[in-house]
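Subject: Structure handover

Hi,

Here is the structure for you to look over. My notes follow below it.

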Amino acid sequence: MESLGLLPTLAFFIVRYLPVITVLLIPVIVYYQRFDPLRTYPGPLVARFTNAYAGYYAIRKCLHLTTYHNFQKYGPVIRQAPNRLVFNTVTALHDIYPNPNVTKGEAYRNSQLRAKYPSLINVIDKDQHRRKRKYIGQALSERSMRNFEPAMESQVTIFLKELLKSAEAKAPADMTKRCQRLGLDVIGLLSFGWGLFRMRYRRGHYIAFTILVADTTERCTR
């Protein structure tokens, strides 16, 4: 009943301040529709004016699906925020990542476990990134990745066979744990030539468990 009593007050507030709100919004709308440098790029209308569009779907943990559907609807380049474009082409991948004029956003700092020791993925400083990349650059080159492709395909095949077994037995499968095992096997093969989780033989679980516990402990002590 109290909430119903607030409706007249809210309506009065909106009616009273509607001219002020309109005056404030008109310049913003005109700028984004007429003068914004990114105005020609397609995307959801709300995303042109606020970061809340991507934030809303990120909180719901489905931004990746929304982005995929937007690619299907608008094409390989979409506008996801007032100052953000998302690309889905191989050409853009090669143009953006090696480009010295492109830097990572400040949002990458949120994924750093320790500010003094950022990883190769979330380091922002280019000199730090160059030093870190030098150590693993040969292992992650395009030629090395192509040579590693058969090993990765074999792990994906094992992953799919294990899922098929669960489906045939009509047993539920914890996809989070299954994907963790797949990722650890691939990383282990790439780094050491040995899968850390061993999806097929169920060996090496203690190694993966130790890694997961150490990662959880590190995050809890930030």
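Start with Asn 122: at 6% relative accessibility, this residue counts as buried (under 20% relative accessible area; exposed is over 50%, partly exposed in between; 1.4 Å probe, protein chains only). Asn 122 sits in the loop between α4 (90-96) and α5 (126-136). Helices are DSSP runs of H or I with at least four residues, strands are E runs of at least two, and numbering starts at the N terminus. Lys 104 is 18 residues from Asn 122 in sequence and 8.1 Å away in space, C-alpha to C-alpha.

A word on the source: this is a predicted model, where local features need pLDDT of at least 70, side-chain atom pairs count only at pLDDT 80 or more, and totals for chains, interfaces and linings use all residues. Residues are numbered from 1 along each chain as its sequence is written, and side-chain values use heavy atoms, with hydrogens and water left out.

The protein chain has eight helices and two strands. The order is α-α-α-β-β-α-α-α-α-α. Of its 222 residues, 21% count as buried.

Next, a helix pair. The axes of α2 (residues 52-59) and α3 (residues 63-74) come within 7 Å and cross at roughly 130 degrees (lines fitted to C-alpha atoms over the stretch in contact; angles run from 0 to 180 degrees between N-to-C directions). Tyr 53, Ala 54, Tyr 57 and Ala 58 of α2 make the contact with Leu 63, Thr 66 and Asn 70 of α3 (heavy atoms within 4.5 Å).

Finally, Ile 29 lies in helix α1 (residues 2-35). Ile 29 is partly exposed, at 42% relative accessible area.

Best wishes
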